[in-house]
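Work through the exercises below with the sequence and the structure at hand, and try each task before you read its solution.

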Amino acid sequence: MSITVPTTDSATPTPTRSLVEIRRVRKSFGAHEVLRDVSLAVPEGTVTVLLGPSGSGKSTLLRCINHLETIDGGRIIVDGELIGYRQVGHTIHEMTPKQIARQRRDIGMVFQRFNLFPHMTALENIVEAPTGIGGVPRTQARTRAKDLLDRVGIADFAAHYPAQLSGGQQQRVAIARALAMDPKLMLFDEPTSALDPELVGDVLDVMRELAKEGMTMIVVTHEIGFARGVADQVVFMDGGVVVEAGHPEEVLDRPQRQRTRNFLESVR
Amino acid sequence: MTLQGRGEGEGEGRGHGLGQGLLAGPSANAAAPDATDGDVVAIPLRRPWRWISAAVVLLLVAAFAFSVLTNPNIDFAAIGEFLFDPRILEGVWLTVVITVIAMVVSTVLAIVIAAMRLSSNPVLSTVAWCYVWVFRGTPLLVQIVLWGYLGLLYAKLSVGVPFTDVVFWQVNTNELISAFVAGLLALTLNQAAYSSEIVRAGMVSVDEGQHEAAYSLGMSPLYTFRRVLLPQAMRVIIPPMGNETISMLKNTSLLSVIAVLEIYTQATVISSQNLKQVELLIVASLWYLFMTSVLSIPQYYLERRYGRGTSRNLPPTPLQRMRRAFAARRPGPAPAPETKAVSVV
Ligand SMILES: Nc1ncnc2c1ncn2[C@@H]1O[C@H](COP(=O)(O)OP(=O)(O)OP(=O)(O)O)[C@@H](O)[C@H]1O
Ligand SMILES: [Mg+2]
């Protein structure tokens, strides 16, 4: 009943190894099965866009990748490391919060609602994790943070508090904050859905730039244009399963399944 | 794009726009009937009741003040004499010490209780709930007296392994629990119950997304609590905690029932000798008023500190306002805005 789509046979030539490997992951909230045997591979340096109707489990899958949610079965491997669990024989055991925190440093996440720390300025938001937990000296972290703010195009707003920034500016600070930990992988959960239409472009530009620089990214978004232009792989999810996955042109222009077609109709 | 530049530009722009609108509008002639526009004087509504009510209240206040000040039964010289009596000052000092210790310790305890209450461990949260239930549900006065009588309940206090004979340290209760310690315990434990509810409300007020953002950056739960959650919760916690501190300061007077020599006890001790009860109550009240007034200053600055980022611009502090007012008054080179105003006219 569950459909597992092997992603290795997608049209993309994948010379690099998989940075992220999701194998038959299951997740329920009570009796509600949200992820049913989801498998997915994300080659290093590529962009994967997750599409799917509301409630299909996209956010949940993303949150499992940095263990903000526990999983009930299967495994998630990032850069060769099992996420959130230790394997002992045939079972896997959840790690301690400290070990999990250690793993999360390599995985950046950007949220729909920005989630900046409101009591810190833009610069302080970015500097907090590298200095507080990464052991980076303060001056060095500040220089780096200013570089990052410059890269996302808001160098002039370093001293502003989140409440003094527009949504688009806040989201760019959030991206800079995640990048400050030098992650190997970036997760984006509908990063532009809470933005006014005229601000969406700025954030997408930053993400495009990041993709160009070779960052491995998994992006949940309804921006089909972004998926077409930037993604190396598009994954369509529905009802907790991967319905279809492959090169953007295949999935977006020649979808094989009716569910995918219906969804693409609805977002156009 | 400096602020000043933009302000000027906007002012000019608006001026032009208005002028053009008036000229171009169809009712341009009707809107500009004659040149007397400048002479029209706007008279605000007269409010006679404001004056009458103010006069009545002032009269009542004056009558009361007069009756107090001319009362032959109040010995004002005694008030002046005892205001700085060494015993009174000692009492003031003890009141401050008890208030500070009780507030600090109870706040630490309150954070622990609030964390227990919010924990997913049902035993911890139930115990925390029961603690609050008991200490909030019984009168503070009764708790104080009970702590004073602790020696009757437990003759000896010991530290060891529960339910075994292993004892590391033991002491006679009455030696350890002096009236001072009993009073401190009573106030602290009672306050912790109230404060824990305030802390809990503060923690709950922080958006769930803040945990997730912190965790996704690799912060541990403890680090997240310390650097992300607590500073935001403080914004909600500080104002009611200011009230609690003021209550605490006044509640120390209840310790007179177990003869702790804080200011109210000192005042009653003195008045039992010289029979000037009212005068000494006034002395104590003046000190309480002074101390509670002083307490509101740190509260103001703490609220400001933890309010960072919530409003777009913090208003200047009274000190900054005062400096600015003085700077404006200081004679010197004519300030720029004035010359501009002249040039506009
Ligand atoms: N903490 C939770 N407790 C219970 N159910 C949850 C929880 N989080 C998510 N769910 C349920 O899991 C399902 C999938 O949620 P998820 O947020 O992953 O969907 P999504 O694909 O991201 O949808 P959207 O496009 O609306 O964000 C939904 O039916 C949701 O109600
Ligand atoms: Mg979602």
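A polar contact is a pair of N or O atoms within 3.5 Å. The model used in these exercises is predicted.

**Exercise 1. Find which residues lie around ligand 1, and describe the shell that they form.**

Step 1. Helix 1 of chain A supplies the largest share of the shell, with 3 residues.

**Exercise 2. Examine the distances from oxygen atoms of ligand 1 to A:G57, to A:K58 and to A:T60, and then state how much of the ligand the protein covers.**

Step 1. Begin with the backbone of A:G57, where an N or O atom lies 3.0 Å from an oxygen atom of ligand 1, and compare this distance with the cut-off, which asks for N or O atoms within 3.5 Å.

Step 2. Turn next to the side chains: a polar atom of A:K58 lies 2.8 Å from an oxygen atom of the ligand, while for A:T60 the distance from a side-chain N or O atom to an oxygen atom of ligand 1 is 2.5 Å.

Step 3. On its own, ligand 1 has 640 Å² of accessible area, and the protein covers 60% of this.

Step 4. Strand 2 (32–43) and helix 1 (58–65) of chain A are the elements that give two or more residues to the shell around the ligand.

**Exercise 3. Describe how chain B and chain A meet, giving the number of residues in contact and the area that is buried.**

Step 1. On the side of chain B there are 22 residues in contact with 26 residues of chain A.

Step 2. Between them the two chains bury about 2,200 Å², and 57% of this area is on carbon and sulfur atoms.

Step 3. The count of salt bridges between the chains is 2, and the side chains of A:E128 and B:R227 meet in a salt bridge at 2.7 Å, N to O.

Step 4. In chain B, helix 11 (208–216) and helix 12 (221–251) are the elements that give two or more residues to the side touching chain A, and helix 11 gives the largest share, 7 residues.

Step 5. This side of chain B has 9 nonpolar, 8 polar and 5 charged residues.

**Exercise 4. Explain why the salt bridge of A:R17 and A:D79 ties together parts that are apart in sequence.**

Step 1. The side chains of A:R17 and A:D79 meet at 2.6 Å, N to O.

Step 2. Because A:R17 lies in the segment before strand 1 (18–29) of chain A, and A:D79 in the loop between strand 4 (73–78) and strand 5 (81–82) of that chain, the pair ties together parts that are 62 residues apart in sequence.

Key. Residues are numbered from 1 along each chain as its sequence is written. Chains are lettered from A and ligands numbered from 1 in the order in which they are written. This is a predicted model: local features need pLDDT of at least 70, side-chain atom pairs count only at pLDDT 80 or more; totals for chains, interfaces and linings use all residues. Side-chain values use heavy atoms; hydrogens and water are left out. Contact means heavy atoms within 4.5 Å. Buried area is the accessible area (1.4 Å probe) that two parts lose on being put together, summed over both. A salt bridge is a side-chain nitrogen of Lys or Arg within 4 Å of a carboxyl oxygen of Asp or Glu. Helices (H or I, at least four residues) and strands (E, at least two) are DSSP runs, numbered from the N terminus. Ala, Val, Leu, Ile, Met, Phe, Trp, Tyr, Cys and Pro count as nonpolar, Asp, Glu, Lys and Arg as charged, and the others, Gly among them, as polar. A residue is near a molecule or strand if one of its heavy atoms lies within 4 Å of it. A polar contact is a pair of N or O atoms within 3.5 Å; within protein, one must be able to donate a hydrogen and the other to accept it, and residues adjacent in sequence count only if both atoms are side-chain atoms. Accessible areas come from the Shrake-Rupley method with a 1.4 Å probe; for residues, only the protein chains shown count as cover.
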